[in-house]
Amino acid sequence: MSVFETVPEGTGLAVHNPATGALIATVRDYAPAEIAAIIDAADAARPAWAAETAKARAAVLRRWYALIMERQEELAALITAECGKPLAEARGEVAYGASFIEWFAEEAKRAYGETVPTFAVGKRVLTIKQPVGTCAAITPWNFPIAMITRKVGPALAAGCSIVVKPAEATPLSALALETLAREAGVPADLFRVTPSNDPAGVGALFCHHPKVRKLSFTGSTRVGKILMAQAAENVTRLSLELGGNAPFIVFDDADLDAAADGLMASKFRNAGQTCVCANRVLVQDSVHDAFVERLRAKVAALVVGDGAAPGTTIGPLINAAAVEKVESLVGDALAGGATALMGGHRSDVGASFFEPTVLAGVNPQMAIATSEIFGPVVPLIRFKDEDQAVRIANDTPFGLAAYFFARDLGRVWRVMEALEYGMVGVNDGIISTEVAPFGGIKQSGLGREGSRHGLDEYLELKYCLMGGI
Ligand code: NAD
């Protein structure tokens with residue numbers, strides 16, 4: 001069985017392989033007016049689903065989880081084809097994405113209310129948690145499965161319905177998720193995926209449709225701000241997972257081998273196109289050269305190529321415009337006095353590829369250190385002491401993820417507390433897991449995904465007062 005339906009070439013949304021430029025498929029392009037009717041249907045399907053027990057909903061979600069894992073290989077190939085990441089990473093994303101469905105299926109069984117010690121004789125105070133209602137979601141291309149399951153898993157588990165507009169570049173794995181959900185027994189109208197070539201029109205619809213009670217968005221801070229302004233009209237509840245500018249700090253007491261490994265994992269996953277990727281690498285003066293030596297050996301071992309080819313560790317960027325952006329940031333840094341220790345150019349593998357690059361002598365004011373690079377580039381910034389490192393790290397409007405490597409226990413605590421970020425990796429470069437709350441502060445967003453907190457994003461807390469007792 002095919003996991004998504006196609007339409008004739010030229011009549012819908014065309015999906016291309018970023019590694020080769022080849023057309024993979026054309027899928028239906030939903031206009032906002034069609035999506036409005038789909039929202040109405042989702043809203044109509046919701047009460048019956050919400051009336052089920054959490055245990056009954058969990059049974060359906062567990063079947064969905066199992067089907068995704070059964071089709072892991074096929075879904076991974078789809079992710080690699082439409083988003084470019086190496087197959088091994090795509091397999092990892094399928095498992096990571098599925099884990100949110102399994103997690104929230106269980107977590108919803110524990111959406112406890114509470115009884116509160118009373119404030120007056122003859123009265124009782126209690127709270128219950130109830131599903132928010134019909135939800136909408138808009139997701140990016142860099143994790144085409146996981147960014148959807150982090151929203152749809154808790155929404156369905158909580159008793160909500162949800163309509164998802166995936167990124168234009170990566171609707172295929174999203175549609176495959178929808179097919180498998182249906183096969184698992186998720187009612188057809190309850191969860192819909194609606195690819196569209198009119199993202200602004202769909203964003204406005206999600207914010208203005210009276211039946212949408214909550215919008216969850218993952219993407220750029222620029223679009224997040226547009227949605228936040230639009231959401232004001234209906235006071236639509238919002239979750240925003242936006243851009244980052246993660247500092248990665250190597251202190252003089254760090255295990256330098258572990259730090260180099262941590263940086264490789266944090267920086268080069270998905271060719272540097274993750275919101276939590278190390279964006280600025282701050283290294284203390286006294287260990288700078290020793291750290292860079294270790295890093296060079298590891299970067300030299302990266303293999304650039306089509307993500308579907310065996311052995312590839314760095315796939316393409318999502319499109320040629322992404323390569324141009326990275327090229328211009330690198331060019332600006334070099335013009336400002338930075339040096340390319342490795343790479344620095346487009347790769348000759350193809351139009352969407354950029355060489356793994358290490359730049360030394362970057363200063364914190366350069367564009368490459370103040371904007372999201374979204375490419376395989378390590379900008380190295382030197383610092384003298386702990387205060388200076390923390391100051392540079394926090395000097396940004398973003399606050400998603402930060403990382404540091406150090407062994408002194410006092411320093412570990414001080415820096416962990418001082419970093420103004422939603423997530424901090426200490427002596428580790430990979431922080432994403434379904435058991436922990438993922439999310440940012442400042443202009444990196446609102447709300448959390450994963451963990452028990454991720455369920456609360458889809459629940460309303462109702463307070464009930466009982467008198468006459
Ligand atoms: P983007 O903001 O351009 O697009 C994200 C989604 O928004 C897409 O589905 C797109 O179609 C849609 N969109 C575009 N314009 C819109 C509009 N005017 N109204 C409504 N929707 C609109 O981002 P992108 O380039 O696809 O993804 C990369 C960005 O996402 C980076 O900034 C990255 O940091 C961020 N991101 C954040 C997280 C997180 O959890 N914080 C995770 C992954 C990616």
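**Exercise 1.** How many Å apart do the C-alpha centres of domain 1 and domain 2 lie?

*Solution.* Let's start with the ground rules. This is a predicted model, in which local features need pLDDT of at least 70 and side-chain atom pairs count only at pLDDT 80 or more, while totals for chains, interfaces and linings use all residues. Residues are numbered from 1 along each chain as its sequence is written. Next, take the bounds, which come from an automatic or database domain assignment: domain 1 covers 13-242 + 444-465, and domain 2 covers 246-426. Their C-alpha centres are 31 Å apart.

**Exercise 2.** Describe the side of domain 1 that touches domain 2.

*Solution.* Count contacts (C-beta atoms, placed from the backbone, within 7 Å): 15 residues of domain 1 meet 21 residues of domain 2. Then look for elements, with helices being DSSP runs of H or I, at least four residues, numbered from the N terminus. Helix 3 (72-83) and helix 4 (87-107) are the ones that give two or more residues to this side of domain 1. Finally, sort by type (Ala, Val, Leu, Ile, Met, Phe, Trp, Tyr, Cys and Pro are nonpolar; Asp, Glu, Lys and Arg charged; the others, Gly among them, polar): seven are nonpolar, six polar and two charged.

**Exercise 3.** Work out how helix 2 packs against helix 4.

*Solution.* For helix 2 (residues 54-70) and helix 4, the angle is about 165 degrees and the axes are 8 Å apart. The pair is therefore roughly antiparallel, a label for angles over 145 degrees.

Technical notes
Contact = placed C-beta atoms within 7 Å. Axes fitted to C-alpha atoms, helices over the stretch in contact; angles between N-to-C directions. Parallel < 35°, antiparallel > 145°, perpendicular 65-115°, else oblique.
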